[in-house]
Amino acid sequence: MLRRLQSRSSSVGGAPTRGPRSATTRAMKMHFCIPVSQQQPDALGGRYTLYSVYLDGFLFCRVRYSQLHRWNEQLRRVFGNCLPPFPPKYYLAMTTAMADERRDQLEQYLQNVTVDPNMLRSDVFVDFLKRVQLDTFGITTKKASLDVFLPDGRSIQADILTSDTVERVLEVVSHKIGLCRELLGYFGLFLIQFYKEGKLSVMKKLADFELPYVSLRSSEVENCKVGLRKWYMDPSLDSMLMDCRAAVKLIYMQAIQDIEKEWAKPTQLQRQKLEALQKEDNQTKFLELSQEVQHYGYMQLDPCTCDYPEPGCGAILSVGNNEISCSITLPDNQTQDIIFQMNRVKCWQVTFLGTLLDMDGPQRTLNQNLELRFQYSEDSRWQWFVIYTKQAFLLSSCLKKMISEKMVKQAAENPEMQIEVPEQGKSKKYHIQQSQQSESQKDYSSFRPRKSKIKIAEVDCVLGNIKEEGL
């Protein structure tokens, strides 16, 4: 059956992060979705439903309703009635419509429960997700070594437990390389696919509660590794890291790599100056000059296609510094450079255009036939633009990151604004006058869903629409 993953996104969205703090007046959700559920026989001869939960397009776990129900009860004992509503139990056999409704409700629950940063960091939240991720892929808790690759291609061997989260692995790696712990939030762990000749593709930013050891082994992406990269889209935030030698070295290595990969595009004169500074190993001056280089600090996606200025055009996207920069190849092989400014993006959605037919197979990624479409103000009118890329979830995460960084900057510039800034399980609030309306308070309710044909899969499963409202 055709499966649509609608991520309705606006100037809110994404997981609350450490480091460059996320700032929102509205909740930020994660890309949790349940594109498929299966009926399984139980030991008593009955049947139960097994839900395949995906995070950012990768299979995260398979879980039963009863497990989620017990988890919700545990969360409720800690956090009370601030939790989102949980789908009720059915004591009679469910119809197909009822099964569809429950799956959609569970999906909404998983998205909404990640809103509260206090909940995200709670033991009851993290321990449950650790357990179901380990159980899904048949991995026991034991000592292990995990190679974490640095931007220059070298790896750090981290001695961890298979059940260690991203947050814990980052702490282990930071200790080994001397990175200040208070700067950990400016970096992240990513699943990265490496190719010959030094090329790479960033597949996914791992969430703090994910288990890197398990995510790497369950990804089924060829030549995939766990990599350490800076995780902010505003290049000026480099200045926050200048007092830590290890942090400077990391972003220096990444700057060199991005130039070598041609993600960043210095002029000939800039290149000569940068090469001279590199020979001197003058990392600080190198980074200062890099700020002037086109696309410095941007995330570049793999070649993809788009529908602008006409369908089927090739495109290379670079995302950062509050813009989506597109190098578009027209049908006549001419190229056209177009920049979409984030302050003119109203909302976006991610859609899966493929079919999920092989439910008995691994089926661990949704990263085929994905599109991201966004609504943009062009010549005083709103227009939809579509990008077809397997990295649609990563692109969406980058857009959210740019929005959250912009809102933090707005909060710093205007102390009277009321913007909630999640921080290490706490929330700081800045105040706003009632007469003012910040960008995060706009009405993003107008959303134009797509219509598509439904193809029934020859398998006992439930498929339907994913609606990630408010992402």
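Asn223 sits in the loop between H6 and E9, where helices (H or I, at least four residues) and strands (E, at least two) are DSSP runs numbered from the N terminus. Asn223 has a positive phi of about 55° although it is not a glycine. At 47% relative accessibility, Asn223 counts as partly exposed; on this scale buried means under 20% relative accessible area, exposed means over 50%, and partly exposed is in between (1.4 Å probe, protein chains only). The model is a predicted one, so local features need pLDDT of at least 70 and side-chain atom pairs count only at pLDDT 80 or more, while totals for chains, interfaces and linings use all residues. Residues are numbered from 1 along each chain as its sequence is written, and side-chain values use heavy atoms, with hydrogens and water left out.

Asn333 also has a positive phi, here about 70°, although it is not a glycine. Its place is the loop between E13 and E14, and with a relative accessible area of 64% Asn333 is exposed. Another backbone feature is a cis peptide bond, which joins Tyr308 and Pro309 with omega at about 0°. Pro309 belongs to the loop between strand E11 (304-306) and E12.

Now for the chain as a whole. There are 10 helices and 21 strands, and of the 471 residues in the chain, 56% are buried. Contact means heavy atoms within 4.5 Å. Take the contacts between residues at least 6 apart in sequence: 64% of them join residues at least 24 apart.

Gly227 gives a close-up of such a pairing. This glycine is part of strand E9 (residues 224-230), and at 0% relative accessibility Gly227 counts as buried. Gly227 and Leu150 are 77 residues apart along the chain, yet 6.0 Å separates their C-alpha atoms. Leaving aside neighbours within four places in sequence, Gly227 is in contact with Phe149, Gly188, Leu189, Phe190 and Ile192.

Next come the nonpolar cores, each one a set of buried Ala, Val, Leu, Ile, Met, Phe, Trp, Tyr and Cys residues joined through side-chain atoms within 4.5 Å. The largest has 58 residues, and those with the most contacts inside it are Val148, Leu179, Phe187, Leu189, Leu228, Leu241 and Phe286. Helix H7 (residues 245-260) brings the largest share of this core, 10 residues. A second, separate core of 41 residues includes Val202, Ile324, Cys326 and Ile387.

What about the cysteines? A search of the whole structure finds 0 disulfides, a disulfide being a pair of cysteine sulfur atoms within 2.5 Å. For Cys306, the closest cysteine sulfur is in Cys313, and the 5.4 Å between the two sulfurs is too far for a bond. Cys306 is buried, with a relative accessible area of 5%. Cys61 is buried too, with a relative accessible area of 3%.

Grid points are joined across faces, edges and corners, and a volume is the space filled by probe spheres set on the points. The structure holds 6 cavities of 30 Å³ or more, and the largest cavity has about 70 Å³ of space. Among the residues lining the largest cavity are Phe58, Gln133, Lys204 and Ser219. Strand E4 (58-64) and helix H6 (212-218) are the elements that give two or more residues to this lining, and E4 gives the most, with 3 residues.

The second largest pocket has about 500 Å³ of space. Its lining is made of 23 residues, of which Lys261, Glu262, Trp263, Gln300 and Ile316 lie nearest its centre. Strand E12 (313-320), strand E13 (323-329) and strand E14 (335-341) each supply at least two residues of the lining of this pocket, and the largest share, 3 residues, comes from E13.

Methods:
1 Å grid on protein atoms, 1.4 Å probe; cavity = no way out; pocket = protein on both sides within 12 Å on 5 of 7 lines; lining within 4 Å.
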